[in-house]
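Below are some notes on backbone geometry and on the chain as a whole. Please read them against the coordinates.

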Amino acid sequence: MWRRCHAFDQGVSAVRAGTGAPLNLVGDESSLISSEFRATLSILLVDDERTLRESCRSILEGLGYRLEVASKGEDALKLLQRRTFDIVLTDLYMNDVSGVDLLKAALERDPGTIVIVMTGNPSVASNVEVLRAGAWDYLPKPFSATHLEIVIGRASHAVLVARESAPGADGSSVPADDDTPLGVSSSFVSCLELARKVASTDASVFITGETGAGKEMIAQYIHRRSRRRARPMVAVNCAALPEGLLESEMFGHVKGSFTGAVRDKAGLLESANGGTMFLDELTEMPKSVQAKLLRVIQDGVVRRVGSNNTSSVVNVRFIAASNRDADEAVSQGVLREDLYYRLRVVPIRLPSLRQRAEDIPLLASYFLKSYWRQHRGGETRIPTLTEGAMRSLQAYSWPGNVRELQNAIEHSVVLLDPGQAVQEADIPLHGSGRSSRTSDEPATDGDLLQESYHVGRDRVIAQFERRYLAELVRVADGNMSKAARIAGVDRTTLYRLMERHGLQRDAVTR
């Protein structure tokens, strides 16, 4: 297998010849990793193939890193039981103890350890397996000396960021619980617990849920509790910009690359270096931009629009979100499968507000107090919600989810008097919330213009999906395989749609 690594051998030769100082390719990020800091890092290298092990050792020590080297998984396991390491670089397949075993042992000893897994037989399944197990990244063989340097450089930068962001390093600490998203429903609490667990890692997260359900709120929650919290979280709405502008905004451009490019400009990926990038509505990203983004995720190398050279190397944690069924987007060719699996290491499905009605009183009271302080300053006589108003809020279908509730409460606040009891009529609820019509009944022409385009569109789509699914399962007599064939979707997609609308197969077929 090592005979295929000609490019790697050339890199080894360059290092041994004395030309292997930190390569210019590493760019801006390498300037953050001084030789003094490299010397403070503890790295464990594990591989049972002698040639690969010694070549990696030669390159990394030539760059100033300190290494412990193990030729057997069993020896590495003993080392991990005695001490912690900042970075562990391990082969996946070994005769005695596997790379996954070492990964688990390293993270059990210290959850902050960065583990990079090398594999000579890369596949989507194996890559997803190690990333889900907590690996920071994987390195497919054969790889070049440059690729190794870039990956270790990014990992070193992550350690630097973690040390700078650690409690007491600069007086900062993990945010208090008062900025935790509110909710007591089991479905929401489960999502929040998953977000809390993944926050301390660098694993990519894919959040799905209806428009207005709070996907960006969860992304912010993850970022604020990550070791990257001292650096920015940069949000990009992939549906809001045309292809050319989105590419320029994300990757930056060089002067003269297109009309209006009067100077070099860094992209948002460079702005997010050391922090988090939130890719909202990922399924709307053009395929050409998806391909370029995949390269950045794999190598950390950013090339600005119009440039023939690498502009910089970035170390970014990615959180993606979509209100669309991502599996369906992949099957339709809208979303690249390889990009999807790269970003969907930890999936989080956020429930709609109508699926967590027990959270509405808590959220409504919080928004009422929050907006009262924002708009009324020091006025302490905060209005209260009457039982009738609260019943009305809980009976409403909330097609715009938490965002619509938030807007409705703010609208009420600016019109209320201090200490006033909030009545049902004081809260603007549109469509089904104000009539005898149920959420599954069509809107009249008069109702349509009482709500925004996006809220109306999402409500109508939800109505169609719910009625379609109910009729589909009834016609198929509860046979989900048959129902999936009729609908032209796979069973996983069908079950996901049923769950989204709170439909149970047995209830539909009664």
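1. Trp398 lies in the loop between helix H17 (387-395) and helix H18 (401-413); helices here are DSSP runs of H or I of at least four residues, strands are E runs of at least two, and both are numbered from the N terminus. Phi of Trp398 is near 50°, a positive value in a residue other than glycine. Trp398 is buried, at a relative accessible area of 0% (buried is under 20%, exposed over 50%, partly exposed in between, with a 1.4 Å probe and protein chains only).

2. This is a predicted model, in which local features need pLDDT of at least 70 and side-chain atom pairs count only at pLDDT 80 or more, while totals for chains, interfaces and linings use all residues. Residues are numbered from 1 along each chain as its sequence is written, and side-chain values use heavy atoms, with hydrogens and water left out.

3. Asp477 also has a positive phi, about 55°, and is not a glycine. Its loop runs between helix H20 (453-475) and helix H21 (480-487). Asp477 is exposed, with a relative accessible area of 65%.

4. The peptide bond from Lys141 to Pro142 is cis, with omega near -5°. Pro142 sits in the loop between strand S5 (137-140) and helix H8 (145-165). Most residues other than glycine have a negative phi, and most peptide bonds are trans.

5. The protein chain has 23 helices and 14 strands. Of its 510 residues, 49% count as buried. Among contacts (heavy atoms within 4.5 Å) between residues at least 6 apart in sequence, 73% join residues at least 24 apart.
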